Amino acid sequence: MTTVTAPADERVGRLELIWEERPGVLGWLTTVDHKRIGLLYLFATLAFFLAGGVEALLIRTQLAQPDSHVVSPGTFNELFTTHGVTMIFLAVIPMQIGAFGNYLVPLMIGARDMAFPRLNALSFWLFLASGCFIYAGVFMGLAPNAGWFDYVPLALREYSPGLNVDFYALGLIFNGVSSIAAAINLVVTIFKNRAPGMSLNRMPLFCFAILATSFSLLFALPPLTIDLVFLELQRLAGFHFFDVAHGGDPLLWQHLFWLFGHPEVYIIILPAFGIATSIIPTFARRKMIAFPLVALAELLVAFIGFGVWAHHMFAVGLPTIAVVFFAAASMMVVVPSTIQVFAWTLTVTMGRPQFKAPLLFIGGFIVFFVLGGLSGITFAAIPIDQATTDTYYVVAHFHFIIFGAAVFPLLGGMFYWFPKVTGRLYHEGLAQAGFWLTFVGTAATFFPMHVVGLLGMTRRIYTYSDDDGWSAYNLVETIGGYVLAAGLVLIALNLVWSRLRGAPSGRDPFSGGTLEWVTPSPPPHYNFAVIPRVSSPYPNWDAEDRAQDVRNLDRGARVFDDGHEAVASTVKDGYLDDVLEMPSESPWPIVVAACVTVLFVLVLTSHFLAATAFAGLAALALAAWHWQEPE
Amino acid sequence: MSDIVVPARPRSASPSGWWGMAAFVATEATLFAVLVGTYAYLRFQTVQWPPDGIAAPKVTLPIVLALVLAATSVPMALASAAARRGLARRASALAFAALVVQSVYFGIAVHQFASDLDRFTPQQDAYASIYYTLLGADHAHVAVGLLLNAWLLLRLATGLTRYRVVAVQAIAFYWHAVNVLTLLVTACVLSAAL
């Protein structure tokens, strides 16, 4: 028993001093605070999202009318490739994992920071640098141009001699390092840093979703990295992996790419599930129905995701037995997905729902997820898949999923957690208008693509003739694209205006159930003055525990203000295991990231000896980093 | 659940650093699984493996080398146990013993790699490409392990802290993983001599 005599506000003041970071720009460059890093991720990913959005509008403008030449065919190739790469690797996944995961996971589990705060900073700086690396290529007129899945032999030196593909391959290897670091950090944070009392069965479903996503990243990124290393060894050093003449096989690229690529789809959708399961209980005013089943379904989706990759390759001539196996495996995904759809909809209908903007976005999410899921099932039917491969029907399907189902919860989540992050309320009326504009825009953009795909319009086509009969559909799609963009602009204006002029929100404007609503808005550097007591999956609805927190602060119990302290728990049961001294702000993560960036630039320009020198510098910087021990 | 329980007993659960290394090893193991999978994939596309003009790999030396490296898991495990009991000197001595053997292994392995390069180059065909990529990836992991051990010895020279105890545990874990991967890679590469 610690005996403490100081009053509560003195303790809070001490925590402020201990956890405070350097002010100004330097503070942001050396920060290890997960909330600041989350915001850095958010702003960086929003910038990339804007770039990817502009590329999408250019694509739609080019396709608005038949025989159009708004951009050149070469630029068009660069546009659709860069659009895909940007949205997947630089916008949506890092926004989910880096921004939402980083900001919210420690708050939801009652932790003071991530398990490895400095590694967290390194993840962000590597991510930002990898994005800038790829976009440096774009601005030098060397944007990736062989499609986002970059099939060989097109991507080989003989057919793509420029540096475009090298920017793609090296940029994604670079990006992968950052994602692996982030995934390791999230797994360990969720395992070890939960507030004492939060056994796994009391952990928020959002954290289950992020845990499943992080595990998927750990096992899905290595195939991609190896595939890209093979490609670069072949392009830069003349190895033979993909050319038949020397015993290689072009299908090797596709297998490895989709062994990553399909789990990647679930990596994109799982955090969206997590956001949905955060917003629904709050606005339906009841706990999630079938909580354990939903948690298991989230994990199961991630797991099955590794056994279905070849359904992207049904048209390449695989053996029948392989095709049938992957078709059956793909059908299995229906089971955990349907469990969740029913759990979400039943929770809403059996609660007392308030259809505020965040819940509306989740409604949109469910609509698009079901529609995209239904068209997804058709790909498990081999003949339909073979007939629709590489048509706009596929484009329609995955945009309903990746935009409708993955981005809608992100937009809903931005409104839902806006008061937490800023301490201000957003404008409800404008938010609902923003929802309807984006909803109508999304439907108008992507629904006609199903039809036009079945009519035979192929993917990545530069232009078409009026005789094809696709003109009206394409015009509607383009108009839809601009409506969608208007909706996004309205959402952005609302958030900016509310940040400046919104009414103060207080700690918990929506009566949310999870721990992030326990702490003030915006949360202090140390997140929680008292490590909260947890005895259910919705701890903020347990009034007695929250009253106990207040008494604990008065008594000085569970405050941990002897230093830069956080608690570690046991993995399964969440028993208090250890009190940890956490690292403070450090310049080394950004220095390591800078060395790695130079290394990649030197590899790109084939200066291998100099690149080795920078690898050595990065190693020295890492040694210096670990010289500073948090004691 | 009572409210203030800071355990007085020695810690029972594995620390975050150990879990971090576990997650890292999981992703690295996947990386090697993909490399070995590629080796098998390319092999079964080809009639002649290794192709004409490339001799089958030597068997005895790589097996002996891999077993010697695997044996360093013992001093590393003992070093980890010693560090947990607070015996800095003992942990250092064990890690140093391991480092000596690991360095000798690395020297011979690199020498072998270079002499292979004199006989055939990775640009020759798919067999040569995957052979060198697989071995190169393994040797790179050994090289990183050497750096980690050298860094560890430097730090242990000024005694043990909680941070360094976790470091010994995590680095020992890394070496166990590298040793197992080396055995697998060796078995995979030698399969061409069957």
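Student: What makes residues of chain B count as in contact with chain A, and how many are there?

Tutor: Two residues are in contact if their C-beta atoms, placed from the backbone, lie within 7 Å, and 37 residues of chain B are in contact with 43 residues of chain A. Helix 1 (16-43), helix 5 (126-156) and helix 6 (162-190) of chain B each give two or more residues to that side, helix 1 having the largest share with 14 residues. This is a predicted model, where local features need pLDDT of at least 70 and side-chain atom pairs 80 or more, while totals for chains, interfaces and linings use all residues. Residues are numbered from 1 along each chain as its sequence is written, and chains are lettered from A and ligands numbered from 1 in the order in which they are written.

Student: How do you know the number of helices in chain B?

Tutor: Helices are DSSP runs of H or I with at least four residues, strands runs of E with at least two, numbered from the N terminus; chain B has six helices and zero strands.

Student: Why is the radius of gyration of chain A said to agree with a compact globule?

Tutor: The radius is taken over C-alpha atoms, and the globule rule is 2.2 Å times the number of residues to the power 0.38. For 631 residues a compact globule would have a value near 25 Å, and chain A has 25 Å, so the two agree.
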